[in-house]
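Please read it beside the model.

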Amino acid sequence: MAAALAAPPLTNLTRFGGEMFNWSDTRGRRNALLTHLIVELGGPGRTVLVAGPHPDEVVAALAAGGAEVTWLLRSLADAEQAARTHPTISVLAGAFGKVDLTTGFDLVVAADGIQRLNSAEGDQLSAGELLDRLAQAVRPDGALVLMHDNQLGAHHTVRLEPGRRQRDDAAWYPSDGQVADNPAAREQLTARLTEAGLVVDVAYAAFPEPATPAVLIGGDALGDVASPLRPWLQSVLEQAYTTAFRNRPVLSDPRRLVGRALRAGAEDTVAGGWLVIARAPGDVPAARTTWHDVLVGDVHGAFTYTVTADGPKVLVPHDGPMEREGLRRLDVPVAPHTGGYLLEQRLLELCAAADVRRLRQEIAQYESWLATHARDGLVDGPVALADLSGVAITPAGPTVLAARWEPVEAVPVEIVLVRALWQFAVRLITWGRPHPWPVTASAADLAAILVGMAGRSLADEELRAAIDLQVVLDGAEFGLTQGERQAHKLALLAVQPGTAPLDVAGYEELTEALWRQRYQASHLLAMMEWTEQIIRSRDSALSKMDFELQLLRRSWSGRGLMLAKKAYKKVRK
């Protein structure tokens with residue numbers, strides 16, 4: 001109480017009713033991609049309304065750019081903390097429905113969506129009413145940045161968190177899908193904003209989740225199955241979902257769902273959300289802004305880049321060079337404009353068709369490509385750590401699409417080949433994908449077969465070095481501790497038929513692994529029963545032969561035959 005009385009008053013905090021007591025909303029993690037888009041629309045002297053909980057970096061970046069920032073939060077505790085942390089901005093505590101929007105703002109930011117604008121201490125506005133109020137808050141010639149959650153998104157479809165709403169207060173929202181006038185598609189959202197008087201400049205499909213978008217696809221790239229960016233987008237989305245859903249309980253691996261949607265041009269349907277940038281028409285003609293069709297960042301919010309006709313372009317670089325355990329972090333892909341097909345997808349199809357001849361040709365081509373990048377038997381750069389899921393086969397030959405790391409020191413070409421093929425063998429087994437060698441006992445045995453197709457033999461030392469390299473790579477990517485790395489290494493060494501996926505373990509994949517384990521157990525029991533039957537049959541035959549032999553030895557003819565046999569042996573000796 002003494003500390004509370006001694007604390008200085010918060011002159012930049014205004015309470016206007018409907019604020020929630022004893023409540024705190026999570027503000028999300030740093031996201032360089034969203035921050036870049038929002039700060040570009042801000043500027044000196046512009047008034048900005050940040051509606052809802054957002055990462056502190058967004059608010060700080062807007063204030064540092066000279067904007068007059070007003071931050072609206074429904075939680076009183078969050079509002080007090082924000083007022084203390086950012087003394088130069090105005091903080092409003094209460095329900096969005098009670099805010100006076102007559103003056104308007106040059107920029108309205110609702111990158112957290114509309115779900116947390118309502119307060120439990122007041123009337124619940126419908127989704128349509130919230131969108132209308134956001135549109136009313138935009139001055140003529142102003143802009144709105146809105147992230148809208150997709151209830152049909154892959155992150156909702158694969159969710160497996162029983163009791164989440166009852167367990168975590170910060171997860172409370174109005175009932176999903178039951179809010180009136182809630183747009184359920186990107187076209188519905190843009191149409192609603194248009195009816196509210198705004199002009200939609202760009203609408204992105206956001207992946208993997210609206211709270212932490214890492215990939216934004218819009219413009220001509222959205223839904224274009226003929227685009228040469230498709231293989232690269234598939235690789236980038238797989239990396240984003242692997243990082244976002246690693247060690248999280250899910251119904252099924254979201255990478256499969258998103259991969260199928262991407263090949264069908266339906267990625268907009270399963271996107272985590274839609275990021276819309278709209279403006280209010282005014283007296284001054286709006287300057288035409290060129291929006292990038294594709295923006296890629298990091299789930300951890302470390303960097304952002306886009307793809308242009310001239311190649312990748314860094315928009316937000318890393319804070320500084322990052323090196324971990326002898327690996328160096330990369331900012332951008334090597335060659336996104338490739339076309340062709342992903343090597344891993346082709347190998348999976350050939351394994352399912354048991355086309356060993358073409359499988360050998362693809363692996364031999366990959367091995368030859370690695371040899372061209374080797375100098376004195378060593379490979380450096382992104383090629384050394386590129387997975388088969390990040391290698392595309394183009395008319396000009398294989399090329400790396402989206403490697404995240406490169407080694408500081410070159411790696412032997414044999415280790416590079418073994419690691420890539422061994423990792424593919426692990427995916428074949430843990431994903432339960434069909435292949436021509438179902439009787440292999442482990443991932444090491446399957447990797448030996450694949451390496452043999454490249455005309456090489458697999459030594460135990462090479463396999464362990466490849467696994468160690470994979471552990472180092474995963475440790476650098478996911479920030480694993482030493483104990484977690486050791487456990488991860490043991491899990492990789494123990495991969496065999498029936499092992500569940502080691503990164504995103506969905507319920508479907510766990511069920512598949514359990515079925516395979518039961519199948520193997522039943523197969524072993526059947527083999528044991530068959531072996532016992534064979535042993536009993538042979539014991540019976542041997543017992544019968546022994547009885548006949550003893551019977552012959554007890555008869556006079558048998559005794560004579562045995563004496564003749566002994567005499568013959570003595571004479572011969």
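In which helix is glutamine 423 found? The answer is helix α14; the points below start from there.

The model is predicted, so local features need pLDDT of at least 70 and side-chain atom pairs pLDDT 80 or more, while totals for chains, interfaces and linings use all residues. Residues are numbered from 1 along each chain as its sequence is written, and side-chain values use heavy atoms, without hydrogens or water.

1. Glutamine 423. Its relative accessibility is 11%, so glutamine 423 counts as buried (buried is under 20% relative accessible area, exposed over 50%, partly exposed in between; 1.4 Å probe, protein chains only). Leaving aside neighbours within four places in sequence, glutamine 423 is in contact with Asp387 and Gln470 (contact: heavy atoms within 4.5 Å).

2. Helix packing. Helix α14 spans residues 413-430 and helix α16 residues 460-478 (helices are DSSP runs of H or I, at least four residues, numbered from the N terminus). They pack at about 75°, with axes 8 Å apart. Axes are lines fitted to C-alpha atoms over the stretch in contact, and angles run from 0 to 180 degrees between N-to-C directions. The pair is therefore roughly perpendicular (65 to 115 degrees; under 35 is roughly parallel, over 145 roughly antiparallel, the rest oblique).

3. The contact residues. From α14 come Glu414, Ile415, Val418, Arg419, Trp422 and Gln423. Among their partners in α16 are Leu463, Ile467, Gln470 and Leu473. The contact divides into nine nonpolar, two polar and three charged residues (nonpolar: Ala, Val, Leu, Ile, Met, Phe, Trp, Tyr, Cys and Pro; charged: Asp, Glu, Lys and Arg; polar: the others, Gly among them).

4. Aromatic pairs. The whole structure holds five (ring centres of Phe, Tyr and Trp, its six-membered ring, within 6.5 Å; planes under 30 degrees apart are stacked, over 60 edge-to-face, the rest tilted). Tyrosine 241 and phenylalanine 245 have ring centres 5.8 Å apart and planes at 10°, so this pair is stacked. Both residues are buried.

5. Phenylalanine 303 counts as buried at 6% relative accessibility, and tyrosine 305 at 5%.

6. Charges over rings. The charged end of arginine 246 sits over the ring of phenylalanine 478, 4.1 Å from its centre (NZ of Lys or CZ of Arg within 6 Å of the ring centre and within 35 degrees of the ring normal). Arginine 346 lies over the face of tyrosine 341, 3.9 Å from the ring centre.

Key:
Helices (H or I, at least four residues) and strands (E, at least two) are DSSP runs, numbered from the N terminus.
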